[in-house]
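Please look over the sequence and the model together before reading the notes on them. The briefing is arranged by topic.

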Amino acid sequence: MSDTVPIEHPSWLTTGDFTAADDPLRLFSAWLKDASASEPRDPTAMTLATVDPEGAPNARMVLLKGVDERGFVFYTNMDSKKGRELDAHPVAALVFHWKSLNRQVRVRGPVERVSDAEADAYFATRPKQAQIGAWASKQSQPLESRLAFEKAVALYAAKFAVGAVPRPPNWSGYRVLPLAMEFWHDRPFRLHDRIEFRRAAVDAPWVKTRLYP
Ligand SMILES: Cc1cc2nc3c(=O)[nH]c(=O)nc-3n(C[C@H](O)[C@H](O)[C@H](O)COP(=O)(O)O)c2cc1C
């Protein structure tokens with residue numbers, strides 16, 4: 001995990017009526033805790049949508065590696081398609097869907113890179129094979145054969161056989177700063193509950209609205 005601050009979540013958030021919540025990041029934290037207990041795997045998996053050079057949406061899965069009052073952090077190769085798209089248009093949307101809970105959370109907002117110190121700290125926690133993979137993968141670029149990739153992995157494994165593996169310069173994290181968050185929970189007969197939180201800026205107060213399902 002990065003050097004993020006854990007968010008406290010009182011039990012009423014999970015047991016009571018979630019539409020009464022007034023802090024979306026605390027509510028998110030409570031739902032993630034619930035999902036961590038009930039999802040068979042990857043409760044932190046989320047869809048990340050970016051904007052491509054033609055202005056079209058582009059979406060793929062990534063893993064949430066840190067969340068706190070500032071926002072939602074994931075890590076990737078910055079020369080990948082998503083990295084280039086985020087550098088050109090630093091805005092994103094995230095979607096979490098926890099099937100075991102029938103809950104969905106949507107997040108939208110501007111994106112910034114995490115600090116080098118934060119990325120270094122997280123990279124250091126990864127298994128060595130994954131660290132070597134980060135050096136060997138030119139993520140999203142054409143790959144002539146599986147063998148070519150395996151050769152690159154072997155090359156970096158030999159290069160970093162001894163000692164700690166440094167973080168590749170093109171590998172880091174991005175933080176989505178939420179300006180809108182929506183919580184959805186299924187109810188019988190599709191009369192679902194939806195609440196949306198919006199704020200004009202990261203230091204502005206949240207405004208909550210209930211939405212028709
Ligand atoms: C469950 C799941 C989690 C993933 N997590 C990450 C991740 O944290 N970072 C990442 O770069 N790619 C992750 N991937 C791979 C991405 O979905 C994607 O294939 C890759 O990042 C290249 O995307 P791009 O070409 O749009 O940049 C994950 C895939 C799955 C299915």
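Predicted model: local features only at pLDDT ≥ 70, side-chain atom pairs only at ≥ 80, totals over all residues.

Residues are numbered from 1 along each chain as its sequence is written. The protein chain has 6 helices and 10 strands, where helices (H or I, at least four residues) and strands (E, at least two) are DSSP runs, numbered from the N terminus.

**Overall dimensions and packing**

- Taken along the principal axes, the C-alpha atoms of the protein chain fill a box of roughly 55 × 40 × 35 Å.
- Of the 213 residues of the protein chain, 27% count as buried; a residue is buried if 20 or more other C-beta atoms, placed from the backbone, lie within 10 Å of its own, exposed if 12 or fewer, and partly exposed in between.
- Among contacts in the protein chain with a separation of 6 or more, 58% are between residues 24 or more positions apart, two residues being in contact if their C-beta atoms, placed from the backbone, lie within 7 Å.

**Strand pairing**

- Strands β1 (residues 45-51) and β2 run antiparallel and are joined by 7 bridges, two strands being paired if DSSP finds at least two bridges between them.
- The β1 and β2 strands form a hairpin with 5 residues between them, and G55 in the turn has a positive phi of about 85 degrees.
- Strand β1 also pairs with β5 (residues 91-98), in the antiparallel sense over 3 bridges.
- T47 has a bridge partner in each of these neighbours, namely M61 in β2 and V95 in β5.
- Strand β5 pairs in turn with β6 (residues 103-113), in the antiparallel sense over 8 bridges, and W98 has R103 as its bridge partner in β6.
- The hairpin formed by β5 and β6 has 4 residues between the strands, with N102 in the turn at a positive phi of about 55 degrees.

**Nonpolar core**

- The largest nonpolar core has 37 residues, and those with the most contacts inside it are F28, F72, L94, V105 and V176; such a core is a set of buried Ala, Val, Leu, Ile, Met, Phe, Trp, Tyr and Cys residues joined through C-beta atoms within 7 Å.
- Helix α2 (residues 24-38) gives the most to this core, with 6 residues.
- Leaving aside its neighbours within four places in sequence, F28 is in contact with V67, V105 and M181.

**Helix α5**

- The buried residues of helix α5 (residues 128-136) are Q131, I132, A134 and W135.
- Seen down the axis of α5, these buried residues fall within an arc of 150 degrees (taken from the directions from the helix axis to the C-beta atoms), so they line one face of the helix.
- That buried set packs against α4 (116-124), α6 (146-159) and β7 (171-176), whereas Q129 and A130 on the other side of α5 are exposed.

**Residue P57**

- P57 is found in strand β2 and counts as exposed because it has 10 C-beta neighbours inside 10 Å.
- Leaving aside its neighbours within four places in sequence, P57 is in contact with A49 and V51.

**Ligand surroundings**

- The ligand is surrounded by 14 residues, the closest being T76, S80, K81, K82 and S140; a residue is near a molecule if its C-beta atom, placed from the backbone, lies within 6 Å of it.
- At least two residues of this shell come from each of β2 (57-63), β4 (71-77) and α3 (81-88), with β2 supplying the largest share, 4 residues.
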